[in-house]
Amino acid sequence: TKLILLDSLLQEIAFDMSRQRPLHIIVSLICLLTVSLPIYNLLIVQQVSRKIQQNDRTCTEGFIWNKTEEKCLPKNPVQEEKKKEAKTEDAFYLYLTFDDGPNDGTPRILDVLKNLDVRATFFIVGRHLERFPKQAEVNRKTLVRLAKEGHCIGDHSYDHMSHNAENAHRGAYRGVKDDIRWFGEMNIAAVNSSLTNAGVDRDDINNVIGSMRTIIRLPYTDKWRVGDIHSDCICTEPDSSTRNAIDLSDALKKNGAKVFGWDVEWTMSSDNRYVFGPYDMVSKLNPEGGRRYRKLVILSHDRIHRPGGDRDYAEDLSTFIRVALKRGYQFRTLDTYLTDKP
């Protein structure tokens with residue numbers, strides 16, 4: 001009806017113009033605007049509605065709406081593969097590492113990791129498998145769990161360099177010639193013997209020995225010799241100990257090992273417990289990563305999880321891992337540090 005009225009008004013305006021009747025023309029134009037504006041708005045609404053309908057088409061699984069052809073078409077497998085690759089490129093890897101085990105805190109860590117299906121790297125001290133017979137027997141059983149449950153085992157020296165520094169870190173490193181003997185075969189021998197006597201499969205033992213020869217962390221010091229990463233810290237006293245630790249790191253790399261430090265530490269208190277909780281630990285994760293883009297090596301210690309304390313530290317670890325997983329972090333072990341692609 002409005003279109004018929006619009007056509008009639010246009011004819012009347014043309015007639016008035018031919019008769020040169022300006023007043024009639026003005027009145028007709030006002031009427032024309034009154035009629036045409038609702039029609040224009042209706043057309044706009046219809047056009048938008050059509051676009052919304054086109055954009056809101058749903059297709060069955062495996063198909064996607066194609067706006068050009070206005071129908072459902074099979075998903076492009078090449079595009080889907082690119083989407084998967086893009087998701088992989090967004091990966092962020094966390095490398096949980098625990099120092100100074102096995103000890104009475106290690107089994108609790110293993111329980112948490114097993115429950116969450118996460119692997120970690122353990123830098124172990126061979127003397128814990130031989131010293132103090134009763135605890136050593138427990139530690140040997142824990143070592144078997146480490147091997148059988150698929151964790152990465154690294155070398156942390158046979159005695160945590162305590163033959164040089166019984167009182168913490170002072171004087172931990174005296175000279176490469178002697179210091180290097182406390183890594184490698186001396187530490188590996190205690191592990192090899194423990195696993196062999198427990199009847200662990202020889203292939204699994206060889207895997208552990210291989211990782212201990214190539215993955216090392218120096219006690220008391222944040223040294224890196226991994227690929228092109230070369231980083232040192234002044235972590236021990238006196239200065240001569242720091243220089244000796246640097247020389248030792250260089251020598252270990254020359255022998256084919258990777259020396260790992262850490263990017264972020266879950267700090268211990270003076271009584272060897274966590275200083276802060278799991279949510280604070282998550283907040284400390286640098287969104288850019290550490291020595292490598294979107295990769296963070298986290299330092300913790302087995303002894304934190306020993307029995308006792310004023311709260312459930314195993315639950316702290318569990319909460320940290322669950323929150324990190326929920327936020328999209330992926331957990332890896334240090335044997336794949338250089339090959340993991342963010």
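The model is a predicted one, in which local features need pLDDT of at least 70 and side-chain atom pairs count only at pLDDT 80 or more, while totals for chains, interfaces and linings use all residues. Residues are numbered from 1 along each chain as its sequence is written, and side-chain values use heavy atoms, with hydrogens and water left out.

**The chain as a whole**

The protein chain contains 11 helices and 12 strands, where helices (H or I, at least four residues) and strands (E, at least two) are DSSP runs numbered from the N terminus. Of its 342 residues, 43% count as buried, a word that stands for under 20% relative accessible area, with exposed meaning over 50% and partly exposed in between (1.4 Å probe, protein chains only).

Strand S11 (residues 295-301) is largely enclosed by the rest of the structure, because 7 of its 7 residues are buried. Lys295, Val297, Leu299 and His301 are buried on one side, and Leu296, Ile298 and Ser300 are buried on the other, so that both faces of S11 are covered.

| Strand | Sense of pairing with S11 | Bridges |
|---|---|---|
| S3 (residues 92-101) | parallel | 7 bridges |
| S10 (residues 264-265) | parallel | 2 bridges |

From S10 the chain passes through helix H10 (residues 278-283) to S11 in a right-handed β-α-β crossover, a term which means that, with the strands pointing away from the viewer, the path from the first strand over the helix to the second runs clockwise.

**Aromatic rings**

Rings of Phe, Tyr and Trp (its six-membered ring) pair if their centres lie within 6.5 Å, and planes under 30 degrees apart count as stacked, over 60 as edge-to-face and the rest as tilted. By this rule there are 11 aromatic pairs; one of them is the stacked pair of Trp266 and Tyr274, with 3.9 Å centre to centre and 15° between the planes. Trp266 is buried at 1% relative accessibility, and Tyr274 is buried with a relative accessible area of 3%. Ring pairs link Trp266 and Tyr274 with Tyr313, Phe320 and Phe331 into a cluster.

Notes. Pairing = 2+ DSSP bridges.
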